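Take a look at the model below. This report walks through a few of its features, one place at a time.

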Amino acid sequence: RVWPGGGTYPLQALLHALSLEPDAVYFLSDGRFDPAVIEALRIQNPPSSGQIPIHTIAFVNQETIGIMRMIAHNSGGKFRFVE
């Protein structure tokens, strides 16, 4: 009984994924969310502490490529865009 309400708030899910200490995280999004997520992830997943790569896959919206690319770059992950 969950209904879509719009909006994307990925930070809590990404932080939870990082807390599980996986080998990598794969993040698929249209990238329409607060760019402050970039800085929060950079702080929580620094290179000095066994950084976990976050591989990002952006789709549909080319305007958000920069946000998704930066998340991947900052974590040592790879970026892809899918139309």
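## A loop, a bridge, a helix and a patch

Asp23 sits in the loop that links α1 (11–19) to β1. This is a predicted model. Is Asp23 buried or exposed? Asp23 is exposed, because its relative accessible area is 76%, and the cut-off for exposed is over 50%. Which residues does Asp23 touch, leaving aside its neighbours within four places in sequence? Asp23 is in contact with Ile52 and Pro53. Asn45 lies 22 residues from Asp23 along the chain, and 13 Å separates their C-alpha atoms.

Now to charge pairs. How many salt bridges does the structure hold? There is one salt bridge. In it, the side chain of Arg42 meets that of Glu39, at 2.5 Å from N to O. Both residues belong to helix α2 (residues 36–44). They are three residues apart, about one turn of the helix. An α-helix has 3.6 residues a turn, so residues three or four places apart point the same way. Arg42 is partly exposed, at 41% relative accessible area. Glu39 is partly exposed too, with 36% relative accessibility.

Next comes helix α3, which spans residues 65–75. Which of its residues are buried? They are Ile65, Ile67, Met68, Ile71, Ala72 and Ser75. The cover over these buried residues includes β1 (25–29), α2, β2 (54–59) and β3 (79–82). Gly66 also lies in α3. Gly66 is partly exposed, because its relative accessible area is 45%, between the 20% and 50% cut-offs. Pro35 is 31 residues from Gly66 in sequence, and the two are 9.6 Å apart in space, C-alpha to C-alpha. Just after α3 comes Gly76, with a positive phi of about 80°.

Last, the surface. Which residues form a nonpolar patch there? Leu28, Phe59, Val60 and Val82 do, and together they have about 370 Å² of accessible area. Leu28 is part of strand β1. Leu28 counts as exposed, because its relative accessibility is 55%.

Here are the accessibility values for the single residues discussed.

| Residue | Relative accessible area | Class |
|---|---|---|
| Asp23 | 76% | exposed |
| Leu28 | 55% | exposed |
| Gly66 | 45% | partly exposed |
| Arg42 | 41% | partly exposed |
| Glu39 | 36% | partly exposed |

Note on methods. Residues are numbered from 1 along each chain as its sequence is written. This is a predicted model: local features need pLDDT of at least 70, side-chain atom pairs count only at pLDDT 80 or more; totals for chains, interfaces and linings use all residues. Side-chain values use heavy atoms; hydrogens and water are left out. A salt bridge is a side-chain nitrogen of Lys or Arg within 4 Å of a carboxyl oxygen of Asp or Glu. Helices (H or I, at least four residues) and strands (E, at least two) are DSSP runs, numbered from the N terminus. Buried means under 20% relative accessible area, exposed over 50%, partly exposed in between (1.4 Å probe, protein chains only). Contact means heavy atoms within 4.5 Å. Patches are made of residues with over 30% relative accessible area and no salt bridge: like charges are joined within 9 Å, nonpolar side chains (Val, Leu, Ile, Met, Phe, Trp, Tyr) within 5 Å. Accessible areas come from the Shrake-Rupley method with a 1.4 Å probe; for residues, only the protein chains shown count as cover.
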